[in-house]
Amino acid sequence: MAYMNQEKKKKIAQCLKKVLGGYKLKYTLRVRHNHAITLTIREGELDFIGNWKETNQKTIEQEYLQVNQYWIDSHISGAVKDVLLKIDEAMRSADYYDRSDAMIDYFDTAYYYDIRIGEWCNPYKLIKA
(Lines give C-alpha, C1' and ligand atoms only; values in the text may rest on other atoms or scores of the structure.)
Protein backbone atom coordinates (compact mmCIF):
# COMPACT_ATOMS: atom_id res chain seq x y z
CA MET A 1 0.00 0.00 0.00
CA ALA A 2 1.38 3.39 -0.99
CA TYR A 3 2.47 5.45 2.00
CA MET A 4 4.46 8.67 2.32
CA ASN A 5 5.41 10.50 5.51
CA GLN A 6 7.70 13.32 6.66
CA GLU A 7 10.60 10.94 7.41
CA LYS A 8 10.66 9.67 3.83
CA LYS A 9 10.31 13.24 2.61
CA LYS A 10 13.47 14.18 4.56
CA LYS A 11 15.43 11.38 2.85
CA ILE A 12 14.24 12.53 -0.56
CA ALA A 13 14.97 16.18 0.30
CA GLN A 14 18.57 15.31 1.21
CA CYS A 15 19.09 13.50 -2.09
CA LEU A 16 17.48 16.32 -4.06
CA LYS A 17 19.71 18.87 -2.34
CA LYS A 18 22.79 16.97 -3.53
CA VAL A 19 21.43 16.63 -7.07
CA LEU A 20 20.02 20.13 -7.53
CA GLY A 21 22.59 22.08 -5.54
CA GLY A 22 24.64 23.16 -8.55
CA TYR A 23 21.75 24.06 -10.86
CA LYS A 24 20.37 27.14 -9.05
CA LEU A 25 16.82 25.79 -9.08
CA LYS A 26 14.15 26.87 -6.62
CA TYR A 27 11.70 24.12 -5.77
CA THR A 28 9.19 22.90 -3.24
CA LEU A 29 8.62 19.39 -1.98
CA ARG A 30 5.36 18.34 -0.35
CA VAL A 31 3.57 15.22 0.82
CA ARG A 32 0.11 14.74 -0.68
CA HIS A 33 -2.57 12.76 1.18
CA ASN A 34 0.01 10.47 2.86
CA HIS A 35 0.51 8.42 -0.29
CA ALA A 36 2.43 10.67 -2.69
CA ILE A 37 5.19 13.27 -2.83
CA THR A 38 5.31 16.16 -5.29
CA LEU A 39 8.37 18.07 -6.42
CA THR A 40 7.55 21.42 -8.04
CA ILE A 41 10.45 23.28 -9.65
CA ARG A 42 9.48 26.95 -9.55
CA GLU A 43 12.38 28.77 -11.23
CA GLY A 44 15.88 28.29 -12.52
CA GLU A 45 18.39 28.64 -15.32
CA LEU A 46 17.46 25.38 -17.10
CA ASP A 47 14.91 25.71 -19.91
CA PHE A 48 12.84 22.59 -19.18
CA ILE A 49 9.80 23.73 -21.13
CA GLY A 50 11.74 25.01 -24.14
CA ASN A 51 13.62 21.71 -24.31
CA TRP A 52 10.39 19.73 -24.15
CA LYS A 53 8.80 21.86 -26.91
CA GLU A 54 11.88 21.54 -29.11
CA THR A 55 12.31 17.80 -28.60
CA ASN A 56 8.62 17.08 -29.23
CA GLN A 57 8.17 19.75 -31.94
CA LYS A 58 5.30 21.41 -30.07
CA THR A 59 4.24 25.04 -30.44
CA ILE A 60 1.89 25.29 -27.47
CA GLU A 61 2.26 28.31 -25.20
CA GLN A 62 2.05 26.66 -21.78
CA GLU A 63 4.59 27.64 -19.15
CA TYR A 64 4.26 24.58 -16.92
CA LEU A 65 4.89 20.89 -17.39
CA GLN A 66 4.05 17.72 -15.52
CA VAL A 67 6.90 15.32 -16.20
CA ASN A 68 6.03 11.73 -17.03
CA GLN A 69 8.95 9.87 -15.46
CA TYR A 70 8.54 6.96 -17.88
CA TRP A 71 9.04 9.23 -20.92
CA ILE A 72 12.08 11.25 -19.84
CA ASP A 73 14.39 9.26 -22.15
CA SER A 74 12.26 9.78 -25.23
CA HIS A 75 10.72 13.24 -24.73
CA ILE A 76 13.57 15.28 -23.19
CA SER A 77 17.13 15.80 -24.45
CA GLY A 78 20.52 17.21 -23.49
CA ALA A 79 21.43 18.59 -20.08
CA VAL A 80 17.77 18.87 -19.08
CA LYS A 81 17.36 15.12 -19.61
CA ASP A 82 20.39 14.40 -17.41
CA VAL A 83 19.01 16.59 -14.61
CA LEU A 84 15.54 15.02 -14.81
CA LEU A 85 17.00 11.51 -14.68
CA LYS A 86 18.93 12.47 -11.53
CA ILE A 87 15.77 13.99 -10.05
CA ASP A 88 13.83 10.82 -10.87
CA GLU A 89 16.45 8.73 -9.09
CA ALA A 90 16.39 11.03 -6.06
CA MET A 91 12.57 10.86 -5.90
CA ARG A 92 12.88 7.07 -5.54
CA SER A 93 15.50 7.23 -2.77
CA ALA A 94 13.22 6.57 0.23
CA ASP A 95 12.92 2.76 0.08
CA TYR A 96 10.95 2.88 -3.17
CA TYR A 97 9.62 -0.26 -4.78
CA ASP A 98 7.00 -0.94 -7.42
CA ARG A 99 5.56 -4.45 -7.70
CA SER A 100 2.51 -3.36 -9.66
CA ASP A 101 1.10 -5.44 -12.48
CA ALA A 102 -1.47 -3.58 -14.56
CA MET A 103 -2.28 -6.75 -16.54
CA ILE A 104 -4.02 -8.23 -13.52
CA ASP A 105 -5.11 -4.89 -11.99
CA TYR A 106 -2.70 -5.22 -9.06
CA PHE A 107 -0.98 -2.09 -7.75
CA ASP A 108 1.63 -2.29 -5.02
CA THR A 109 4.12 0.55 -4.68
CA ALA A 110 5.94 2.20 -1.80
CA TYR A 111 4.58 5.64 -2.77
CA TYR A 112 3.65 7.70 -5.78
CA TYR A 113 5.64 10.73 -6.89
CA ASP A 114 5.17 13.67 -9.24
CA ILE A 115 7.71 15.94 -10.88
CA ARG A 116 6.30 19.28 -11.97
CA ILE A 117 7.91 22.19 -13.74
CA GLY A 118 5.86 25.17 -12.58
CA GLU A 119 2.11 25.02 -12.12
CA TRP A 120 -0.91 26.19 -14.07
CA CYS A 121 -1.51 29.12 -11.72
CA ASN A 122 2.20 29.75 -11.00
CA PRO A 123 4.27 29.16 -14.18
CA TYR A 124 7.96 28.22 -14.27
CA LYS A 125 10.25 31.26 -14.31
CA LEU A 126 13.25 30.87 -16.59
CA ILE A 127 16.12 32.99 -15.32
CA LYS A 128 18.60 34.05 -17.98
CA ALA A 129 22.18 33.69 -16.76
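This is a predicted model: local features need pLDDT of at least 70, side-chain atom pairs count only at pLDDT 80 or more; totals for chains, interfaces and linings use all residues.

Visitor: OK, and how many aromatic pairs does a search of the whole structure find?

Guide: Three of them. In one, F48 and Y124 sit edge-to-face, with 5.7 Å centre to centre and 80° between the planes.

Visitor: Where in the chain are those two?

Guide: They link distant parts of it: F48 is in helix α2, Y124 is in the loop between β4 and β5 (125-126), and they are 76 residues apart.

Visitor: Is F48 buried or exposed? And Y124, buried or exposed?

Guide: F48 is buried, with a relative accessible area of 1%. Y124 is buried too, at 7%.

Visitor: Now Y96 and Y111: why is that pair called edge-to-face?

Guide: The planes of their rings are at 70°, and over 60 counts as edge-to-face. Their centres are 5.2 Å apart. Y96 is partly exposed at 24% relative accessibility, while Y111 is buried at 0%.

Visitor: Which residues do ring pairs link into a cluster?

Guide: Y96, Y111 and Y113.

Visitor: Switching to packing. Which residues touch the most other members of the largest nonpolar core?

Guide: That core has 31 residues, and the ones touching the most other members are I12, L16, F48, L84, I87 and M91. Elements giving two or more residues to the core include α1 (6-20), β2 (36-44) and α2 (48-56). α4 (78-91) is on that list as well, and α4 gives the most, with six residues.

Visitor: What does M91 touch, leaving out residues up to four places away in sequence?

Guide: I12, L16, L29, I37, L39, Y111, Y113, D114 and I115.

Visitor: Back to α4, then. Which of its residues are buried?

Guide: V80, V83, L84, I87, D88, A90 and M91. Seen down the axis of α4, the buried residues fall within an arc of 160°, so they line one face of the helix.

Visitor: How far does α4 reach from its first C-alpha to its last?

Guide: It reaches 20 Å over 14 residues, close to the 20 Å expected at 1.5 Å a residue.

Visitor: And α2, what's buried there?

Guide: F48, I49, N51, W52, K53 and N56. The cover over the buried residues of α2 includes β2, β3, α3 (72-75), α4 and β4.

Visitor: Which residue follows α2?

Guide: Q57, and its phi is positive, near 55°.

Conventions: Residues are numbered from 1 along each chain as its sequence is written. Side-chain values use heavy atoms; hydrogens and water are left out. A nonpolar core is a set of buried Ala, Val, Leu, Ile, Met, Phe, Trp, Tyr and Cys residues joined through side-chain atoms within 4.5 Å. Buried means under 20% relative accessible area, exposed over 50%, partly exposed in between (1.4 Å probe, protein chains only). Helices (H or I, at least four residues) and strands (E, at least two) are DSSP runs, numbered from the N terminus. Contact means heavy atoms within 4.5 Å. The expected span of a helix is 1.5 Å times one less than its number of residues. The arc is that of the directions from the helix axis to the C-beta atoms. Rings of Phe, Tyr and Trp (its six-membered ring) pair if their centres lie within 6.5 Å; planes under 30 degrees apart count as stacked, over 60 as edge-to-face and the rest as tilted.
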